[in-house]
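I have a new structure open and want to find my way around it. These are my notes, in the order I looked things up.

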Amino acid sequence: MAGKVCGDAESALDGLLSDGMTIMAGGFGLCGIPENLIAAIRKSGVTGLTVVSNNCGIDDFGLGVLLAGGQIKKMISSYVGENKLFEQLYLSGELELEFNPQGTLAERIRAGGAGVPAFFTKTGVGTLVARARRCARSTAPSM
């Protein structure tokens, strides 16, 4: 793939997209997002996507167009933002969300790229949420 130049976003993605895949999209808010690639993914019709990005755009722009098209099943994000559809889909259970603090999300991406399968951050340690999760796990039946 090194040195390959494509005439447009659709040809750049040709043969690479499939239902259920994970896509990581850059940008921060609506700045620096891969608009043309998002449009090509929208046009391709792939579904069941897991998208890693700090947010999901807005209702009619950025990753929000994939969400509106029913193409995203799960978001791994640090910020929900002003996307009302994101909120509705999450609250109704139609969209999975793995919420991460921004720094943890960035470190997960960096570690994954470096081949590090897991790491520990103290975010949330000792909080009520962490205690509730620990209690839920300890009362779950063993398999």
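**Entry 1: a loop residue**

I am working from a predicted model. I began with Gln71 and listed its contacts, setting aside neighbours within four places in sequence: Ile41, Arg42, Gly45, Val46, Thr47, Gly48, Leu49 and Leu66. Gln71 sits in the loop between helix 3 (64–68) and strand 3. Is Gln71 buried or exposed? I found a relative accessible area of 1%, so Gln71 is buried. I then looked at the polar end of the side chain. A polar atom there lies 2.8 Å from the backbone oxygen of Val46.

**Entry 2: the whole chain**

I stepped back to see the overall layout. I counted six helices and four strands in the protein. Along the sequence they follow the pattern α-β-α-β-α-β-α-β-α-α. The C-alpha atoms fill a box of roughly 55 × 35 × 35 Å, taken along the principal axes. Of the 143 residues, 27% are buried. I also checked how far apart in sequence the contacting residues are. Among contacts between residues at least 6 apart, 52% join residues at least 24 apart.

**Entry 3: how the strands pair**

Next I went through the strands. Strand 1 (residues 22–24) runs parallel to strand 2, and three bridges join them. Within this pairing, Ile23 stands opposite Val51 of strand 2. Strand 2 and strand 3 are also parallel, with four bridges between them. There I noted Thr50, whose bridge partner in strand 3 is Lys74. Which strand does strand 3 pair with over four bridges, besides strand 2? I found strand 4 (residues 96–99), again in the parallel sense. Lys74 turns up here too, standing opposite Glu96 in strand 4.

**Entry 4: how covered the strands are**

I looked at both faces of strand 2 (residues 49–52). Leu49 and Val51 are buried on one side, and Thr50 and Val52 are buried on the other. Strand 3 is mostly covered, with five of its six residues buried.

**Entry 5: Thr22 in strand 1**

I picked Thr22, which lies in strand 1. Is Thr22 buried or exposed? Its relative accessible area is 51%, and the cut-off for exposed is over 50%, so Thr22 counts as exposed. Leaving aside neighbours within four places in sequence, I found Thr22 in contact with Thr50 and Val52. I also took a C-alpha distance from Thr22 to Val51. They are 29 residues apart along the chain, and their C-alpha atoms are separated by 5.7 Å.

**Entry 6: two residues of strand 3**

I moved on to Ile76, which is in strand 3. Its relative accessibility is 11%; buried means under 20%, so Ile76 counts as buried. Beyond four places in sequence, Ile76 touches Thr50, Val51, Val52, Ser53, Glu98, Asn100, Leu105 and Arg108. I noted that Ile76 and Phe99 are 23 residues apart in sequence, with 6.0 Å between their C-alpha atoms.

Ser77 is in strand 3 (residues 72–77) as well. At 0% relative accessibility, I put Ser77 down as buried. What does the side chain of Ser77 reach at 3.2 Å? I traced this contact to the backbone oxygen of Ser53.

**Entry 7: the ends of helix 4**

I checked where helix 4 (residues 84–91) starts. A side-chain oxygen of Asn83 reaches to within 3.1 Å of the backbone nitrogen of Leu85 there. Just after helix 4, I found Gly93 with a positive phi of about 85°.

**Entry 8: empty space inside**

Last, I searched for cavities. Rolling a probe the size of a water molecule over the atoms shows where empty space is left. How many cavities of 30 Å³ or more are there? I counted one. The largest cavity holds about 50 Å³ of space. Its lining is made up of Ala25, Gly26, Gly29, Ile33, Ile38, Ser53, Asn55, Gly57, Gly62 and Leu63. I sorted these lining residues into four nonpolar, six polar and no charged.

How values were computed. Residues numbered from 1 in each chain as written. Predicted model: local features only at pLDDT ≥ 70, side-chain atom pairs only at ≥ 80, totals over all residues. Heavy atoms only, no water. 1 Å grid on protein atoms, 1.4 Å probe; cavity = no way out; pocket = protein on both sides within 12 Å on 5 of 7 lines; lining within 4 Å. Points joined across faces, edges and corners; volume = space filled by probe spheres on them. Nonpolar A, V, L, I, M, F, W, Y, C, P; charged D, E, K, R; others polar. Buried < 20%, exposed > 50% of the residue type's maximum accessible area, 1.4 Å probe, protein only. Polar contact = N/O pair within 3.5 Å; in protein donor to acceptor, adjacent residues only side chain to side chain. Pairing = 2+ DSSP bridges. Contact = heavy atoms within 4.5 Å.
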